[in-house]
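Subject: Structure for you to look at

Hello,

Here is the structure for you to open. Please keep it on screen while you read the notes below it.

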Amino acid sequence: MRSSGLLLHVTSLPTRFGIGDLGPGAWRFVDTLVETGQTWWQILPVCPVGLGDSPYASPASFAGNPILISPELMVQDGWATEAEINAYYPHSEGHVDFPSVSNYKSSLLRQAYSRFVKQPRSDEFRAFLNKEQEWLLPYAAFQSRKVKNRNRIWTSWALDDLNPPEHFANPDLLDLQFYLFEQFIFDSQWRRLHDYCHRRGVKIMGDLPIYVAHDSVDVWAHPELFQLDDAGEPLVVAGVPPDFFSQTGQRWGNPIYRWDRMEAQGFDWWIRRMKRAFSLYDSLRLDHFRGFAGYWEIPASEKTAIHGRWATGPGQPLFERLTEALGPLSLVAEDLGVITPDVIELMDINAFPGMAVIQFGFDAGMDNLHLPHNYKLNQCVYTGTHDNNTLLGWWNALSEYEHGFAKDYLNIDSDKDVCQKTIERCLSSDAGMVILPVQDVLQLGSEARMNFPGTPMGNWRWSLLPEQHSDLREIYGQWLYNLTRRSGRLSTQD
C-alpha cells in the first residue's frame, strides 16, 4: 500500500502552555492529517529528554515524558483546576523554553498528586501498575534516588545506595508514588490520543534510538548488560568514524551493550523494550540501524571518534528472537550514511524498508540513490528528517553545482516553487511511503530547523505557531490532499 504522512514532534504542536502536549492541540493535528489525506503521523521519541533537551539521550527509554501531559485533559479528569492551569504564561511563541515548561508541569503534577494520595486507588491505576511494573518500578526508584541525590549522575551515589536495583521499590512508598502517578497520567492521555488516531484512520510512527544514555535507569538497573568498569563508568562509547563531513567523527558517548550477555539472556531486554514501543506506536523508525550489523566502538578515554574500531553487532539472531516473541515487526530502518553489505543483507532478510532523503541526492550523478527515479517500493522517503535543514534552508545553502542540478531535475522555475516541486516529485515516485516535515509543507526557512547534529545545545525547540497550523489546513490543505490522491496514497485507495 502506498502511503504518506507528516513529521511533527509532539513538543512542536501549538498550545497555550509553552510546549505541545497530548491534549486538544494533538487531536486537532490528527484532524489536519485526515483533512490533508495523510495516513502517518511521525514523531520523535516521547521518552523524557536528556542532555540538551534531546529525546535521543533519555534517562528512561521505557517511560513517557511528563512535560507532554496536557493540562487541559488534567482539568477534564479532575486532577487540576482551570485556575491552576491558567497560572502559566509562555515566555515566547515559536520555540519551547524547556526549563520553564518543565518547572510548570512538575508543579502542576505535584498539585494533582496531592489529590491522588487522598483518594482510593482506582482500578485503572492498579491495572496500569500491574501491566507495566517491570519497567515502571525501576523508573520510579531511579527518579526518587536521583532527586534524593540532587540529580547527580547515578555512578556518584548508586554504589553506596542501601537499596540496590534488585530491591527496586515497594509501590506503596510515598517517595515513589509520584513517579508512578505521572506515568499513569501520561499513559492515560497517550492511549486516548492513540485511540483517536485509529478511529480517524491515522497511524503513529515512533522513533527508537539504538542506544540509551549512561545516566539512565536503563543502565543503572541493568549494568551487567553494558560495557562498564567496576565504578559503573563506560569502557567504550558509541559514535561514528571520521568521514567527509567530520575529520574527527562523532563521539556520542552512549555506553555500548554487552551483546554477548544480551544474547545469552535471549535478548529479553530488547524484547521488553520493543514490546513497550509497539504498545505506543503502530510502526517504528529504528535509528542507526547499521549498528545492529556493525558499530563504531570508541575507548571512553578518547576525546574524539578517531581512534575507534568496528565491532560486530548482534545481527540476525536479535531480529529472529524479536519476531519470535512479538510477531512481524513494522520497522523502518534508518540506513543513512555509509552502508556496508552486511547492513543491506540484514535489511533484506527481514524485508525492512530503508530510507532516502531527497536533500542528499544532488551532490553526484543520476545514480545517486536519494534521487526520486531510484526510489523503491519498499522504502520510506523524506524531503528531510529532524536532523536536516528545512527544504527552503537547504535550497538557499546549495553549492552552484547542486543548485543547478536540483533546479533542472526538479523543474524549478523560481525559488517560490522549491518546496512544492520537491514534495510533488517525492509523492509521485515509486516509494511505498513518503514522510514530509510540516516545515517543508509550510515552506519555512532555516529558522524552523529542529536539530543541528553535533551541536549539543539549543536544539529541539522549534514550535508551530497557531496561525501556521491554520495555514497548513486552509492554505496548503487542499493542495496536499489533491497531490496525495493523485499519487495513489490516500488510505481509502488501498
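Leu-7 has Pro-437 of S12 as its bridge partner. The model is a predicted one, in which local features need pLDDT of at least 70 and side-chain atom pairs count only at pLDDT 80 or more, while totals for chains, interfaces and linings use all residues. Residues are numbered from 1 along each chain as its sequence is written, and side-chain values use heavy atoms, with hydrogens and water left out.

Strands and helices here are DSSP runs, numbered from the N terminus: a strand is a run of E of at least two residues, a helix a run of H or I of at least four. Two strands pair if DSSP finds at least two bridges between them. S1 (residues 3-7) and S12 (residues 433-437) pair in the parallel sense, over five bridges. S1 also runs parallel to strand S2 (residues 40-42), with three bridges joining them. Within that pairing, Gly-5 stands opposite Trp-40. In general, strands of a sheet pair through backbone hydrogen bonds, either parallel or antiparallel.

Buried means under 20% relative accessible area, exposed means over 50%, and partly exposed is in between (1.4 Å probe, protein chains only). Ser-3, Gly-5 and Leu-7 point one way from S1, while Ser-4 and Leu-6 point the other way. In a regular strand the side chains alternate between the two faces of the sheet.

Ser-4 in S1 has a relative accessible area of 0%. A contact means heavy atoms within 4.5 Å. Not counting residues up to four places away in sequence, Ser-4 touches Gln-38, Thr-39, Trp-40, Leu-427, Val-434, Thr-484 and Arg-489.

**The four-stranded sheet**

An open sheet is built from four strands in the order S5-S4-S7-S8, with antiparallel pairing. Its edge strands are S5 (250-255) and S8 (309-312), each of which pairs on one side only. From one strand to the next, the twist averages 50°; axes are lines fitted to C-alpha atoms, for helices over the stretch in contact, and angles run from 0 to 180 degrees between N-to-C directions. Four bridges link S7 (residues 294-299) to S8 in the antiparallel sense. In S8, Thr-312 is the bridge partner of Gly-294.

Which residues of helix H10 (residues 316-326) are buried? They are Gln-316, Leu-318, Phe-319 and Leu-322. Seen down the axis of H10, these buried residues fall within an arc of 155°, so they line one face of the helix. The arc is that of the directions from the helix axis to the C-beta atoms. The cover over them includes helix H8 (259-264), helix H9 (268-280), strand S6 (283-286), strand S9 (331-333) and helix H11 (341-350). Just after H10, Gly-327 takes a positive phi of about 90°.

A nonpolar core is a set of buried Ala, Val, Leu, Ile, Met, Phe, Trp, Tyr and Cys residues joined through side-chain atoms within 4.5 Å. The largest one has 152 residues, and those with the most contacts inside it are Trp-41, Trp-270, Phe-289, Phe-292 and Phe-319. Helix H6 (residues 174-199) gives the largest share of this core, 12 residues. In soluble globular proteins, nonpolar side chains tend to be buried together. Leaving out residues up to four places away in sequence, Phe-292 touches residues including Trp-259, Trp-270, Leu-318, Phe-319 and Leu-346.

**Cysteines**

How many disulfides does a search of the whole structure find? It finds zero, a disulfide being a pair of cysteine sulfur atoms within 2.5 Å. For Cys-47, the closest cysteine sulfur is in Cys-197, 18 Å away and too far for a bond. For Cys-426, the closest is in Cys-380, at 11 Å, also too far for a bond. Cys-47 is buried, with a relative accessible area of 9%, and Cys-426 is buried at 0%.

**Two further residues**

Phe-405 lies in helix H13 (residues 400-410) and counts as buried at 14% relative accessibility. Phe-405 and Phe-362 are 43 residues apart in sequence and 6.4 Å apart in space, C-alpha to C-alpha. Neighbours within four places in sequence aside, Phe-405 is in contact with Gly-361, Phe-362, Ala-364, Gly-365, Met-366 and Leu-371.

Lys-421 is in helix H14 (residues 418-427) and counts as partly exposed, at 21% relative accessibility. Lys-421 touches Leu-410, Asn-411, Ile-412 and Asp-413, not counting residues up to four places away in sequence. Between Lys-421 and Tyr-295 there are 37 Å in space, C-alpha to C-alpha, and the two are 126 residues apart in sequence.

Regards
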